Amino acid sequence: MIRLKGGRIIDPANGRDEVGDLFIEDGHIVAAPNIPDSVKETYDLSGKIVMAGGIDLHSHIAGNNVNLSRTLLLEQHPGMDPHPGHAPFSTAPWSTYETGRLYAEMGFTTVIEPALVAQGAVQAHLELADIPYIDRGALAVLGNTDFLLKMLRDGEGNISTDLLDDYVAWSIAATKCLGVKVVNAGGGAAFKENVRTFGLDDVVPSYGVSSRAIMQALIASVNRLGIPHPLHVHCNNLGVAGESYITAIQTMEAAGGLPIHLAHLQFYAYASEGKRHFSSASAFLAEAISQHKNVTTDVGQVMFGQTVTLSGDVVRQYASLSDARPKKTILWDGDGTGGGIVPYAYKAKNYYNALQWAIGLELFLLIDDPWRVYFTTDHPNGAPFTTYPQILHLLMDAGERAAWIARLPKKAMDMALLPQLTREYSFYEIAIMSRAAPARLLGLADRGQLGVGAAADISVYTEQADKTAMFSAADYVFKDGDLIVEGGKVKPYRWGRTHHLKPPKGSSQIDARLERYYAEQYGISAGAFAVPDAFNGGPSHFEVHPCRK
Amino acid sequence: MTTVIEQSSSALDTALTRAADILVNARLGLITGHGSDVAGMRAALKLAAHIGGAVDFCRAPNLHSLTADKGLMFTTPREARTRADVLLLVGPEAGRSATLKQVLAGSPTLSAGVGTPREVLWLCPGGAANALGADEARLLGGDVAALPGILAVLNACVIGRPIPAAGYGGLSREGIEDIAGRMITSRFGVIAFSPADLGPLGVESLMALAGALNKGTRVTTLPLGQGAITDAGQQTAALVASWTTGFPPRTGFARGFPEYDPWRFDAARMVSAGECDAIVWLSSFEAAAPGWRTDARLIAITAPNATFAKPPTVQIETAVPGKDFSAEFYSEAMQALVHNEAEGAPEAPALPTPAAVLGGILSKLALSGEVDTGSPLAKARQTKS
């Protein structure tokens, strides 16, 4: 048994914020022992902050788009540092091994890849399996396949919900995912028919089904199946100033009170006021979030520097091709959803980029319920996840924000609300936003909390005024009770798990139906892309979770 | 004889020890060949990192490294099969591809293509012209050697720039205008090609052409392999290397982190320059031997029955992924890494898997006290500090 002694334990899931002890045994948090002798190891954590391991529910860490980006931008990530002997490749920039190391050293223990497409499922899971230290999971992208669109078209609004639910369940089971995502629902299919903009009420040619109808069908299906994570929605019109925030609000309304998660809201919080027709719509969106209690969101904060945008929203990415810096891009039409990769540099001196930065922080600060707004940069779209400590600093310290604002273009800051906002996040709110709330939203009941019986995923920080420094390097991180980080540096590799759902099998003979469809349409087996229970060369690293029904 | 040391049959464990011994004493070890399954490639890269060696699994021009200059626009064989109303093949290899047969076997059933027979055109078929029947593709002619230029002239035609009155590359001006016109009026046009035919310049020309066509309609490309050569090993190597090191697999590890250098770590060049004194030859799908000769000590880890012009110092035969044991590797037909269940194979294959052999060598190295501190250079640095 391990005793973590005298730290300030911040555990919002259990309403706890106090100095006290935690005990770990067999990978779990246990009650204080009756016999003190059973404690074999004690860590003195006086003066330290103790939280559950961080959880990131939207970070592109694996799959076709990520792996293609690595090669497309190979000149952008030269190596610099030799790896420590116990962790090969962990200093190779942008490798899966580095991803695991960097997340662990910041105190994160679970990360979700939000865009797994069926044809890339095996590769995405193999990449996830090569991310050391942390647990992983993925969301299955649906909403563009011919099979689904035909089902919706032929049902003319009264489709067999059994068939739809069985298809969603089959997709999750075959690709071993933890939830469902739509990316500009129908947009990928419409793009193949030369459609270049695609809004909520636009209709996919040849199918006569609107984006709204696709999304609503999936929201309802996810709800009926009892999938813990609500439908994860990448809305239409991302980045279109003057339209995007309206689309986001209409999307919230379209959910009809059912749970829905809006991803990277910052990219929608754009109005078209001012000389440059680009202004902040954060106040409208924050208000809409506060009214729609069924809605959760993550921010997709922008930070300055070179990055790459990668997305299944091919309509959006095609429109952005000319913005690529450096000037090289990848755009692919997949089966159903495809992808687009556009490198981009956010510049502090650029009006639009500076305002994007401010808008993201405005959303964090204006949405007053930390249980419903999460911490992301939509890595790497807004910024790499390694900027999280800086963002935490900005949220917790108005003085730090003022210092940044002073260095940014006045014209942009004059259009922003940010300079007027004085709110500072507390540690407790940070622990809600980055631990307790995302665990709850993903249905990972034993994560994101420090109650007795919870998995011993724990991060320990030294409280400092400089929050960037504080959150960059955890003093200790425990993963399922094992020490994986000490003094901000990783220990030898330890391998986590990939969480996924096993939805119940329905009654519509979906297997036979899909087998027939795939054979006729594509000349392949429906299970060609299915992810096995264990990959060759290793034991199963999957952990299965049930649906709620 | 499944395991051989200096032409004498040997126990596997002895061979692993000998291989480890060769690598420990090498100044520079190279791991190369025709590639392996995912588990095999993981083990190969770990071994390379441990010995501070080099890897090269870029046998044929690798599409991803070719596109690092300008990028890529592409689709899957399945979308080409179900949607392409016009399919333009460019170069001989495109017509030879087995995956192309799968595309041609279907007819357009989705959206734009529905109801009209697919038009298949073949530009620069070269010596492969007989690979497809007259009813399968219309031959357009064109000099294979001039392919990158032809694609550039087509691009000029599409964007309304003047093109040579006398035509170009074995094509008449009218011929070029016809092809451009057909692509402009396609609704989901697909241009199929093999990187082996086009090279970096040709791929860049092709992507510029696809980009120009997309100003008006939807056109994309379909990358195909090289005819009958299975790309499973090489493509698997490229994908695994990309997520493991960040780079295509022409990489050195001597400094303790991966360095990508397509010239410096070209296996054929390294061998002919005598830069490596120990070579691991890894070919898990094919019983293939290297095309070069070397005086370096060779550790061959291959599918059964490979024959070598000069016997390797250590030769270990391995089970074949997907046939003798279930494994993940690249399928060109699927354009993805897929899981391949070895139907009917015994639970424990008679031969060791490639990953088990490479992992076995690595454990021998670790046992011999050769602790990985990153690399010889890193070691030197640590000693200094």
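Where in chain A is A:His277 found? I looked it up: A:His277 sits in the loop between β14 (270–271) and β15 (279–280) of chain A. Helices (H or I, at least four residues) and strands (E, at least two) are DSSP runs, numbered from the N terminus.

**Ground rules.** This is a predicted model: local features need pLDDT of at least 70, side-chain atom pairs count only at pLDDT 80 or more, and totals for chains, interfaces and linings use all residues. Residues are numbered from 1 along each chain as its sequence is written, while chains are lettered from A and ligands numbered from 1 in the order in which they are written.

A:His277 has a positive phi, near 55 degrees. A:His277 counts as exposed, with 11 C-beta neighbours inside 10 Å. The cut-offs: buried means 20 or more other C-beta atoms within 10 Å of the residue's own, exposed 12 or fewer, partly exposed in between, with C-beta atoms placed from the backbone.

A:Ser206 also gave a positive phi, near 75 degrees. I found A:Ser206 in the loop between β10 (203–204) and β11 (209–210) of chain A. A:Ser206 is partly exposed, with 18 other C-beta atoms within 10 Å.

Then the cis bonds. One joins A:Arg325 and A:Pro326, with omega about -5 degrees. A:Pro326 lies in the loop between α10 (314–319) and β18 of chain A. Another runs from A:His379 to A:Pro380, with omega near 0 degrees. A:Pro380 is in the loop between β20 (373–374) and α12 (388–396) of chain A.

**Contact of A with B.** I counted 52 residues from chain A and 63 residues from chain B. Two residues are in contact if their C-beta atoms, placed from the backbone, lie within 7 Å. On the chain A side, β18(A) gives the largest share, five residues. By class, that side has 22 nonpolar, 20 polar and 10 charged residues. Nonpolar covers Ala, Val, Leu, Ile, Met, Phe, Trp, Tyr, Cys and Pro; charged covers Asp, Glu, Lys and Arg; the others, Gly among them, are polar.

β18(A) also joins strand β5 (residues 71–75) of chain B, in parallel, through five bridges. Strands pair if DSSP finds at least two bridges between them. I traced A:Asp333 to its bridge partner B:Thr75 in β5(B).

**Sheet in chain B.** I read an open, parallel-paired sheet of five strands, in the order β8-β7-β6-β9-β10. Its edge strands are β8 (138–141) and β10 (218–223) of chain B. Strand β7 (residues 119–123) of chain B pairs with β8(B) over three bridges. There, B:Leu121 has B:Arg138 as its bridge partner.
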